[in-house]
Structures are given as C-alpha cells and as structure tokens.
Amino acid sequence: MSFLVIANVSKSFGGAPAVDNVSLQVPRGEFFALLGPSGCGKTTLLRMIAGFEAPDSGTIAIDGEVMNAVPPHQRPTNMVFQSYAIFPHLNVFDNIAYGLRKLRLPKDALRAKVEAMLATVRLEGLGGRAADQLSGGQRQRVALARALVREPKILLLDEPLGALDKRLREAMQLELRAIQRKVGITFVLVTHDQEEALSLSDRVAVMEGGKILQIASPRTLYERPVSRAVADFIGEINFFHATVREIAAETATVNAGMLGVFALPAANLAPGIKPGDHILLAIRPEHVRFSAQGVASEILTSTFLGERSHFHVRIPGRSEPVAVSGQMPPAGTAHLVFPPENLIGLPSNQ
Amino acid sequence: MKNPPSSSEAVGHKRSALSVYAFVYLAFLYLPVLVLPVFSFNDSQFIALPLSGFTTRWYAGLAADTAMHHALGNSLKVGLVTSLLSTLLGLSAAKAVTHYRLRGTGPALAFISLPLFIPDIVLGIALLLLLSAVGLPLSLAAMVMGHLLVCVPFALTVLIARFEGFDKNLEEASADLGENGWMTFWRVTFPLMLPGIAASLLLTFITSFDEFLVAYFLSGTEATLPIYIWGQLRFPERLPMVLALGAIILTVSVALVVLAEYVRNLGVKKVMVGA
C-alpha cells in the first residue's frame, strides 16, 4: 500500500475545477514532483494534502489514514511555503523550535535538536540571527529546517526555489536532494520548472488544467511522453504528421510522408494507437542527426552553445523548421537522419 | 559662489516663501492652544494681557478639587473600558475583513464607519431618546456604549491598515507547525499586531476621554472631565483653574498621540519582512 494515496480528488473555487478528479499514489521515501504551468492546480493539490483546502470530492490518505476531516495542525505533514513565511518576530532558533512546543522537551534536548537541524541545513551558529537579517537562501533553509525538525511523514514544498537566483537555485537543488536522501522523508514538490522537477524527483506528475497528464520517472517522461502536451512541456521536441501502417509484435511501420517510412520499436508508440491511425511522430532535437544522406535540408540559423550547437533546419514540404542539436555538420548540403529507435508515436488528437 | 545663476536664486526665493508660509500656518494652528499653559501660570483671575506674575496656585487648587478628581476618575473608567472594547471589536472585524472573502464586507465597513460622519450632537440625542424609550438609565455604561460607536471606526481603520501588511501564510505556517487557531493567535497574530493594537488602544482612549457631546447626553448625574470643565465655565473666578486643567490634558494628549504613532511605526518594518 502506498504511503500517500490521493483518490478521485476534485476541487473548484466557484468556476472551472482547479483540480479535476486526480488520483495518484506516492510510496514512502519517494521524492515526488507535481509539475505544470501556473494555474494547473498543482498548488491547490498540495494545499489539500496539507489541509489548507478541503477537497469537494475524493479522499486523501496518508500512511493508511484518511485525512479529509483532519485539520492542518493535526496532519503529519509540514510545508515549505513559497514565501517561506518565516516568523518575523522570532529569530532563527525560535523559528525552527516553533513547532516543537507540544513535545515539551527539556531545554537542553530542545537546543540539541534545533542545533542538529541547523547543521543539517548548514546554518550552524546562525540561531540567534533575526529573521530580517537573513538572505534569500538562508530564509529558504530556515523554512526547510522548521518543517523538517518536526519529522513529518510527508514534507510539502511549494516552489521552494522559485525566489532564488539561478546559481543559488542550482546549489540548493543538489542540497535538497541530499537532505531528502539523508532524512528519508517523503517529499512532495510543486514546481513549474521542468528542469527542477526532472533533476530532483524520483517521479513526476505532469499537470494541466487540473488533470494529471502523465506520472512517470523523469527519464520516461522525457523519452516516452504519452501525449503531445507532456512532450511539449518537457524540453524541446519536433512533431511530424504520420500514419500507422501496421503494428507487429516488435516493430511498427509508420508512413511519415516526405520523411519516408519508418520501422520503429512498437514500444515507442503511445498506448492505444492502432493501425490506420493518424499520429504525431516526435523526436528530440539531440536525436536528429546530420549525415551525408537522408532528407535534404538547409540550415536557417545556428546557435553556438559550447559543447554543442542548436540549429533551425528547413526541410522540403514543411514550413516549420526542424530543431536539431549537435555538432556543426561538415561543409556542403546537410542531410537529416531520423533514427527510428528515437521516434515516438503520439496520438494526434491531443 | 558669488553669483549664483538666477534660476537657483528663484528656487531659493520660492523656498523661503514656503518656509514663511509653513511658519504662519503652524503659528495659526498652535498659538491659540499656547494661551492655555501661558495663562494657567498667570497670577490673576482675569484672562488678559499684560501678564501679572508667575503662580502655581491654580494647579494647587486643582489638586484639592475632589469633584474634579471624581470626574477624572469617571473619564478614565469610561476611556479604559471603551478603548479595550472598541479595540477588541475592531480586531475581530479587521481580521474578518482582511483574511476572509465575506459577502457584504463593503456595506458592513461603511455602516461601521458611519458614526464618524454623523454629527455627535445628533448621535447624542438619538442615543438619549433610544435609552429612554427602552427604559435604560443614564449611566457611565450607557456612555461607554455611545463612545463605542465613535471609537470602533478609529480602531478598525488603524487595525485594518496593520493587517493588510500581514502575510497570511504566517498563520498557515503556524497551523502547519501544529498550533490550533487560538495558539496561532497568541504566538503569531497577536505579537505581530501588537503595535497596531497599542496604537488603537491609545487612539480610542483619547477619543473617548476628549468626547463631550455624547457624554453630555448620556452621563446622567455622573460627570466626566469635559462635562466638569463645561460646568466650571459658569464661574468666572474658576476659569484659570480650568486653563490649568486644560494645559495638563493637552500635554498628556500630545504625549499619548506621539507615543501611539511611535509604537505603530515600530513594528511596520518587521511585518513587511514577513510578507
């Protein structure tokens, strides 16, 4: 049985549903991310896990206990708020100790616990610092420490790195991952930053319009998206219209018009695709290769990015340029090759 | 520079004209008030220039005036109760208005503020009629109720301003960290609101303490300080003592207002950090 079980949860604020019949399960100790554009319902879902919003229907259970009727202050969850919500009238130590009052620890034990947590988030010696004397990164660590010190069953993180600058964000990503491994607590992260979701999480749920489009590991999301929306949201990708000719046990034959006919692994087709279907063939820019033979093409733009370059390439019969990522091809007319093993077939109606 | 450019000269003229204006303006505002302390130390029954010597006998007379002490006691009682109640009511209303999306917030706020715009004499007569119609006796308690009408709008204004700079996530964070609504109020909301609460207490206390018209209609046999002063004005020989009393009230009022402003500003920065 999974640790966090969300079953058929819906929530609307008057108008269209913010969360629309969402079900998902998170095992204990997993780093799970809810990824989607703003307004997709991911924060509402997180706030329902914390208890700040009540679902209109469906159930939320943590460690086998249904949480719907449990108020936030009695839930085994703790949250790192997007604004961090550091108590401005308390110093760092008292902020972290805030949630330990009910444990009624002796003074020494309390101090030891808070000091240990300060060390975990690398804020040693800053316990006496006033809340208004902290940098953005430090505030983030205090918010994290304050939540973790309560040893919640699930730690909820609402865009925790959004307010930090790029370098600090990357450093904190590594640290967050390390802390999660160390404490072994289940993390549920909300983010609109796909890179953050992919680099931090064990599994990611991609959300749009209150619905979950796909739940999978970062690698699967990237390599085997099940719909155009997911493929589009995670990284850059090229789409071509095509028709399925036949599907055999191992390979599927797909006619992509000008590009030719491809025999790709049957597993590369999204579930539910049948022979005769119009589909979208998708391929990542780094999988498209320049070659001496193949589809004739013309490089429109090239951008040097260091270890590789990014190209926009025109091919005949198609107005939209193809995105290609790789090394600059040798002089002369470049041809494009689309390796069949990297082609993914997606339903064209989404 | 010996010959500054003419444009800066013009600016200089403008500036000095402005400072003259400011000076005249302040003199107009505060010179009449200064008459109080000046004549309260003047050794003559008659309020007229030239001054005829320094004395503290009017203040000594005040110290011996038991009727005045009784009126002062009443004013303090009414002021304290009014300020506590109106701040409590204002606190609840301000939290409701700023934290929840409630239907009818706009009209409710307008109704609460309405007494500010009704002339106090109308308010006083209306309350007097109401009390006699209902059959309640005139008393200090009746006066407190009248003063609540006048004071709650002030409390509400101060406290709403304070709540608006308040990060709602702070209360959610407290709940998230295991505290129920009551403990969240004491550990987060109250300390952060404290400067606003103190400012509201001082402001409503002064408003009640200075209020005359509503008190006049509702006091019955119990006089408050303004009513006592009004009564004393019938006796010309007691006028210097009234001036002395006025001078004391003036000093204390100014001190309280300055204190209220100081306290109110004290915590503003801190709340903003949390936002």
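How are H3(B) and H8(B) oriented to each other? They are oblique to each other, as view 1 shows. The model is predicted; local features need pLDDT of at least 70, side-chain atom pairs count only at pLDDT 80 or more, and totals for chains, interfaces and linings use all residues. Residues are numbered from 1 along each chain as its sequence is written, with chains lettered from A and ligands numbered from 1 in written order.

**View 1. Helix H3 (residues 66-99) of chain B packs with helix H8 (residues 181-210) of chain B.** The angle is about 135°, with the axes 8 Å apart. Axes are lines fitted to C-alpha atoms, for helices over the stretch in contact, and angles run from 0 to 180 degrees between N-to-C directions. Helices (H or I, at least four residues) are DSSP runs, numbered from the N terminus. H3(B) passes H8(B) in a right-handed crossing (near helix turned clockwise from the far one by less than a right angle). H3(B) contributes residues including B:Gly79, B:Ser83 and B:Gly90, and H8(B) residues including B:Leu201 and B:Phe205. Contact requires C-beta atoms, placed from the backbone, within 7 Å. This contact has seven nonpolar, ten polar and no charged residues. Nonpolar covers Ala, Val, Leu, Ile, Met, Phe, Trp, Tyr, Cys and Pro; charged covers Asp, Glu, Lys and Arg; the others, Gly among them, are polar.

**View 2. Helix H7 (residues 168-176) of chain B packs with H8(B).** The angle is about 140° and the axes lie 10 Å apart. H7(B) is therefore oblique to H8(B). Their crossing is right-handed. B:Leu170, B:Glu171, B:Ser174 and B:Ala175 of H7(B) meet B:Thr184, B:Arg187, B:Val188 and B:Thr189 of H8(B). Three nonpolar, three polar and two charged residues make up the contact.

**View 3. Helix H6 (residues 140-164) of chain B bends at B:Val150.** The bend is about 40°, taken between axes fitted to the seven residues ending there and the seven starting there. B:Pro153 follows within four residues. The 25 residues of H6(B) reach 35 Å from first C-alpha to last, close to the 36 Å expected (1.5 Å times one less than the number of residues).

**View 4. Chain A meets chain B.** Here 20 residues of chain A contact 18 residues of chain B. The chain A side has eleven nonpolar, five polar and four charged residues.

Note on methods: Contact = placed C-beta atoms within 7 Å. Helix = DSSP H or I, 4+ residues; strand = E, 2+ residues; numbered from the N terminus. Parallel < 35°, antiparallel > 145°, perpendicular 65-115°, else oblique.
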